[in-house]
Amino acid sequence: MGCVHSKNFEPVNHVVSRRHNNNEKASSTSSSSSFNSPPAYDQDMKLDLHSSNPSPILTEPHGINNPKAALRQERVHHLSESFNADPKNRMVQNAAHSLDFTTLITNREVMIADNHTFNTKIPIESMVTNQKSSGRCWIFAALNVFRVEVMKKYNLEEFELSQGYLFFWDKFEKSNWFLECMIDLRDRDVNDRVVQHLLKEPVNDGGQWDMLVNLVERYGVVPKALYPESFSSSSSGKLNNLVISKLRDHAVVLRRMAALGRSIEELRAEKDKCLKEIYNILAITLGEPPKKPFTWSFRNKDKKYFEFQNVTPQSYFRDHVGYPVADTISIVNDPRNKTMALYTVQYLGNISGGQPIRYVNAPIDDLKALAIKKLSSGKPVWFGADVGKYLQRDAGILDPKVFQYDLAFNVSFNMTKAERLIHGESLMTHAMVFTGVHLDEHGKPVRWRVENSWGDVGGDKGYLTMSDAWFSEFVYQVVLEKAITPKKYLDVLEQEVHVLPAYDPMGALA
């Protein structure tokens with residue numbers, strides 16, 4: 001699952017290993033349990049149902065087919081009588097027939113309280129960017145953090161770095177990552193839960209902060225003028241479908257070769273054929289990234305002219321952006337698991353050989369205190385959250401009380417944050433940037449100013465206001481520079497990492 005775009009909006013320590021053959025050394029991790037043998041294929045490449053290793057025999061569920069479980073007409077009749085006995089239900093029904101029902105239940109008091117004024121703001125804000133019909137929020141949010149450094153350094157009024165440039169390389173690297181996962185999992189049954197999880201969406205637009213670090217470390221960044229948007233970067237659905245189909249096609253080929261006992265070298269040679277096709281697809285739809293040193297020229301707010309020659313994407317990031325991207329730390333709030341502990345998610349990443357995903361789990365109040373500290377120093381904060389929850393988009397308000405479901409529907413929602421994660425009700429879906437916070441007389445946060453990437457419509461020219469209660473329930477991650485992070489969090493990075501399963505909600509891509 002990738003991040004929400006502007007048009008829409010298991011146990012820890014689960015260490016998994018696989019069997020190995022003589023063509024590759026065994027993984028350094030081990031497990032007390034063994035996995036199924038490779039699937040047996042017949043000449044038509046269908047799963048051989050006569051294999052000596054059949055899948056478990058399934059049985060039909062009995063409870064839900066019990067006559068006592070069925071809805072009875074008399075029960076439906078009783079529910080209808082109860083509904084119509086309350087005149088309020090009929091009034092709301094009439095209104096909801098022609099209106100968005102959330103308009104009817106929007107809380108006026110919350111709309112007034114969650115205003116767009118803040119007593120703590122970073123000194124430089126820019127026009128809100130627009131990811132359009134794509135899931136690139138994590139890239140937009142990171143580049144919105146980076147551009148502050150460039151704007152401050154050169155006194156610029158407006159400025160954007162190229163989101164499409166990192167999008168190209170992320171899509172290409174993720175394709176390689178997926179194919180390497182298929183090679184690594186070649187001995188697993190195709191119906192294995194991890195294999196099916198990866199096949200469900202081999203690549204998408206979303207990402208995690210450490211993936212961004214990997215991209216920037218390897219490929220640098222460029223100004224948007226050097227690599228502008230294309231149709232497929234702004235509306236990525238058809239491109240994604242094409243790439244995903246091609247990757248699944250090659251996953252079948254790789255599994256077929258593995259079942260025939262082909263070596264790792266032969267599998268990777270086949271992988272390279274797929275990557276050639278993927279590169280061609282990306283180059284045609286997005287345009288090839290700059291291959292030669294470029295010249296960057298511009299005038300600042302004072303009309304002063306600047307020109308820099310023989311610039312590469314890597315030197316551009318180093319010399320003109322200068323953000324310490326490699327020296328950052330991701331602090332998350334996962335109330336299901338132990339705090340002040342280090343976590344990762346199995347098979348989550350984008351660049352083979354790059355920095356692995358690492359989270360330091362901490363209480364939610366720690367995330368708030370750390371974000372306030374950074375904002376008070378005048379710097380923005382990248383964060384990840386579940387943006388689809390309790391968002392009044394026109395007003396640009398995120399607040400768990402913004403919609404009064406109890407008044408219209410007589411319903412309430414009572415799950416804790418941990419229960420929402422466990423039961424599939426919430427996970428990180430979107431990355432944005434904090435640029436301000438309003439503190440009360442005791443220094444406690446009341447509301448937060450959020451730079452989104454859905455354009456300048458809604459809220460305060462595209463900026464949102466988030467209540468502190470919403471932060472508690474739906475913010476999952478903040479990123480800080482290590483230089484301003486207290487030592488106790490940095491020490492956690494030296495701990496043994498707890499591995500969450502590939503399908504864990506903390507592996508969701510913003």
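Reply: Happy to! Let us begin with a definition: a residue is buried when its relative accessible area is under 20%. Please keep in mind that this is a predicted model.

Me: Is cysteine 137 buried or exposed?
Reply: The cut-off for buried is under 20% relative accessible area. Cysteine 137 has a relative accessible area of 0%, so this residue is buried.

Me: Which residues does the "active site" annotation cover?
Reply: This comes from an unreviewed UniProt entry, where the annotation is "active site". The residues are spread over 316 residues of sequence but cluster in space, with a largest C-alpha distance of 9.4 Å. The entry lists Cys137, His430 and Asn452.

Me: Where is histidine 430 found, and which residues does it contact?
Reply: Histidine 430 is found in strand 10, residues 430-439. With 0% relative accessibility, histidine 430 counts as buried. Leaving aside neighbours within four places in sequence, the contacts of histidine 430 include Cys3, Gln131, Trp454, Cys137 and Asn452.

Me: In which helix is the place of cysteine 137, and how far apart are the end C-alpha atoms of that helix?
Reply: Cysteine 137 has its place in helix 5. Helix 5 has 18 residues, and at 1.5 Å a residue they should span 26 Å. The end C-alpha atoms of helix 5 agree with that, as they are 25 Å apart.

Me: Why is helix 5 described as largely enclosed?
Reply: Here we count residues under the cut-off of 20% relative accessible area. Helix 5 is largely enclosed by the rest of the structure because its buried residues number 16 of the 18.

Me: How many residues of helix 8 are buried, and which elements do they pack against?
Reply: Helix 8, residues 209-219, is mostly covered, with nine of its eleven residues buried. Among them are Trp209, Leu212 and Tyr219. The elements they pack against include helix 6, helix 12, strand 4, strand 7 and helix 5.

Me: Which residue follows helix 8, and what is its phi?
Reply: The residue that follows helix 8 is glycine 220. Its phi is positive, near 70 degrees.

Me: How are helix 10 and helix 11 oriented to each other?
Reply: Helix 10 (residues 237-259) and helix 11 (residues 264-286) pack with their axes 10 Å apart, at an angle of about 170 degrees. Angles over 145 degrees count as roughly antiparallel. Helix 10 and helix 11 are therefore roughly antiparallel.

Me: Which kinds of residue make up the contact of helix 10 with helix 11?
Reply: From helix 10, the residues that meet helix 11 include Leu239, Lys246 and His250, while those in helix 11 include Glu266, Ile278 and Thr285. Divided by kind, the residues of this contact are 14 nonpolar, two polar and six charged.

Me: Which residues does asparagine 240 contact, leaving aside its neighbours within four places in sequence?
Reply: Asparagine 240 is found in helix 10. At 10% relative accessibility, asparagine 240 counts as buried. Leaving aside neighbours within four places in sequence, asparagine 240 is in contact with Lys171 and Asp205.

Note on methods. Residues numbered from 1 in each chain as written. Predicted model: local features only at pLDDT ≥ 70, side-chain atom pairs only at ≥ 80, totals over all residues. Heavy atoms only, no water. Helix = DSSP H or I, 4+ residues; strand = E, 2+ residues; numbered from the N terminus. Expected span 1.5 Å × (residues − 1). Buried < 20%, exposed > 50% of the residue type's maximum accessible area, 1.4 Å probe, protein only. Axes fitted to C-alpha atoms, helices over the stretch in contact; angles between N-to-C directions. Parallel < 35°, antiparallel > 145°, perpendicular 65-115°, else oblique. Contact = heavy atoms within 4.5 Å. Nonpolar A, V, L, I, M, F, W, Y, C, P; charged D, E, K, R; others polar. UniProt positions renumbered as here; feature names shortened; annotations may be inferred.
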